Amino acid sequence: VLGDLCRDAEDGRYDAATAAYAEAVTGQALPAEFLGDGPPLAQQTVMLRESRRFHGPIGHLAQAVNAGNLPRAAELLRQPGDELHVAHPATPQRVVRIAAEGREGAPGGYGLYLREVLARPGDPADFEPWVVRVLQAFERFRVLCAVREGDWGAQGLNIAIERALVAAGLLHKPAPNALWYEGRPVMVTRNDAGIGVFNGDIGIVLRPPGHEGKGEGLRAWFLDGTVPRSVSVSRLAEVETAFAMTVHKSQGSEFEHTLLALPDQGGSVLTRELVYTGITRARQRFTLASGAPHNFAMALAQRTRRASGLLELLSVTPARERFRS
């Protein structure tokens, strides 16, 4: 719905009455390029044109992608610096390596939070501050995927990243096929108000105080603002591992370093909007790993086409009068 309502917002198309109102209220005249004879919806729509979230190369790349400007986007990705990086070679194995170790200019990866997990305090009084540090460290990096299935999908990369972290000694599983283990990041996939978890919540599985060196008693810890709370893993029926997640699931989140993994096969899922969303999840560092070099260009050339009929409904005079009444 919001995508349809804001589809033409960039053009402005404010009529003379709207322009006069805006000048009377703000003391500023609307630029001529945003004036026109737009429909009533356009007169009620304001577009914020100066980003307060993104600056520097990441912001410039996001703007180029949003405009479908492939030459500008490619130029930005080629420029030296730590903010933007293109993974070479672009393989699932390279994605896993960056996830486990980070990359030049953006070290750490998931090792950041797992080293915090391994630094478990001995004093129970220090437990909750440690939980907060673990959760906050995990939020510094994320692998985002365009698809769920396959080697380039969230499911395949979750398995591969988990194995790499176990091999590196950063994760310890009680058995190779163990589902629950300390340090496992989980994402809730269905609301459960009874235990206070909701779709999209991210938590980390940890042992509570008094269970050091034991396998039982595992709980998943979540942050409510800056306050940690926990749920027994036995009560979490609808969760999945969250080393890698789809771009769709990441909306509303931000991470210091984001790696966007585009698959080696094209398709309708690769769109400008998807790439833009992936880029804008990054605050300080962004890494692109495209399984096929042309898929980035394909995505920028392909926009999401919506068919809700909402704008057509609002443009019909009787309907417009009905909405006004």
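**Two sheets in a predicted model**

Strand E1 and strand E12 (residues 282–290) pair in the parallel sense over three bridges, where two strands count as paired if DSSP finds at least two bridges between them, and where strands (E, at least two residues) and helices (H or I, at least four) are DSSP runs numbered from the N terminus. Within this pairing, Leu84 stands opposite Phe286 of E12. The structure is a predicted model, in which local features need pLDDT of at least 70 and side-chain atom pairs count only at pLDDT 80 or more, while totals for chains, interfaces and linings use all residues. Residues are numbered from 1 along each chain as its sequence is written, and side-chain values use heavy atoms, with hydrogens and water left out.

The pair E1 and E12 belongs to an open sheet of five strands, which has parallel pairing and the order E1-E12-E11-E4-E10. Its edge strands, each of which pairs on one side only, are E1 (84–86) and E10 (244–246). On average, and with direction ignored, neighbouring strands of this sheet are turned by 25 degrees against each other. Helix H6 (residues 92–101) packs on the sheet and touches E1, E4 (141–145), E11 (255–262) and E12, a contact being defined by heavy atoms within 4.5 Å. The direction of H6 makes about 160 degrees with that of E4, where axes are lines fitted to C-alpha atoms, for helices over the stretch in contact, and angles run from 0 to 180 degrees between N-to-C directions.

Another open sheet of five strands shows antiparallel pairing, in the order E8-E7-E6-E5-E9. Here the edges are formed by E8 (227–232) and E9 (239–241), each pairing on one side only, and neighbouring strands are turned against each other by 35 degrees on average, direction ignored. Inside this sheet, E5 (residues 185–188) runs antiparallel to E6 (residues 202–206) and is joined to E6 by three bridges; Met187 has Ile202 of E6 as its bridge partner.

The protein chain as a whole contains 14 helices and twelve strands, and its C-alpha atoms fill a box of roughly 70 × 45 × 35 Å along the principal axes. Of its 325 residues, 42% are buried, that is, they have under 20% relative accessible area (1.4 Å probe, protein chains only). Among contacts between residues at least 6 apart in sequence, 68% join residues at least 24 apart.

Key:
Buried < 20%, exposed > 50% of the residue type's maximum accessible area, 1.4 Å probe, protein only.
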